[in-house]
Amino acid sequence: MDISKWNYIMESFQKILGYDKGTTEVLITKRFSIIGGKDINTLNDRETKYLTHILRKRYKDILDNEKRRNNYERVKAKH
């Protein structure tokens, strides 16, 4: 995987979760995948696509949870 792509993914998670939580989320997601402890520089194309796919899914899940939480708080505040 290209390091610039990895850095972009890390920055995206850090923007929505904060620096520490974003970094932790990406690293834990990577560790729990089939890629595990493999170094980012040594990933082949297939592994890069797989890792990118699961990180995109996780990113989308986090955004969906944030939207749900915000909607719940807005509804709760109205009542």
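Colleague: On what terms is the model to be read, and which atoms do the side-chain values use?

Modeller: The model is predicted, so to speak of local features requires pLDDT of at least 70 and side-chain atom pairs count only at pLDDT 80 or more, while totals for chains, interfaces and linings use all residues.

Colleague: In what order do the secondary structure elements run from the N terminus?

Modeller: Helices (H or I, at least four residues) and strands (E, at least two) are taken as DSSP runs, numbered from the N terminus. On that basis the chain has three helices and zero strands. The order from the N terminus is α-α-α.

Colleague: What is the radius of gyration of the chain, and why is the chain described as more spread out than a compact globule?

Modeller: The radius is taken over C-alpha atoms, and the globule rule is 2.2 Å times the number of residues to the power 0.38. For 79 residues that rule gives 12 Å, and the chain is well over it, so it is more spread out than a compact globule. The C-alpha trace spans about 55 × 20 × 15 Å along its principal axes. The radius of gyration is 15 Å.

Colleague: How many residues does helix H3 have, and what distance separates its end C-alpha atoms?

Modeller: The expected span of a helix is 1.5 Å times one less than its number of residues. Helix H3 covers residues 45-78, which is 34 residues, and should therefore span 50 Å. The model agrees, with the end C-alpha atoms of H3 separated by 50 Å.

Colleague: Which helices do the buried residues of H3 pack against?

Modeller: Buried means under 20% relative accessible area, exposed over 50%, and partly exposed in between (1.4 Å probe, protein chains only). In H3 the buried residues are Glu47, Thr48, Leu51, Thr52, Ile54, Leu55 and Ile62. Their packing partners are helix H1 (3-17) and helix H2 (19-32).

Colleague: With which residues is Thr52 in contact, leaving aside its neighbours within four places in sequence?

Modeller: Thr52 lies in helix H3 and counts as buried because its relative accessibility is 7%. Contact means heavy atoms within 4.5 Å. Under that criterion, the partners of Thr52 are Met1 and Lys5.

Colleague: Which residues of H1 are buried?

Modeller: The 15 residues of H1 should span 21 Å, and the end C-alpha atoms of H1 are 21 Å apart, which agrees. The buried residues of H1 pack against H2 and H3. They are Trp6, Ile9, Met10, Ser12, Phe13 and Gln14.

Colleague: Which residue takes a positive phi just after H1, and of about what value?

Modeller: H1 covers residues 3-17 and H2 covers 19-32. Just after H1 comes Gly18, with a positive phi of about 95°.

Colleague: With which residues is Gly36 in contact, leaving aside its neighbours within four places in sequence?

Modeller: Gly36 is found in the loop between H2 and H3. With a relative accessible area of 13%, Gly36 is buried. Its contacts are with Lys30 and Arg31.

Colleague: What separates the C-alpha atoms of Thr42 and Asp2?

Modeller: Thr42 is also found in the loop between H2 and H3, and its relative accessible area of 49% makes it partly exposed. Thr42 and Asp2 are 40 residues apart along the chain. The separation of their C-alpha atoms is 9.5 Å.

Colleague: What percentage of the residues in the chain is buried?

Modeller: Among contacts between residues at least 6 apart in sequence, 53% join residues at least 24 apart. As for burial, of the 79 residues in the chain, the buried share is 32%.

Technical notes. Residues are numbered from 1 along each chain as its sequence is written. Side-chain values use heavy atoms; hydrogens and water are left out.
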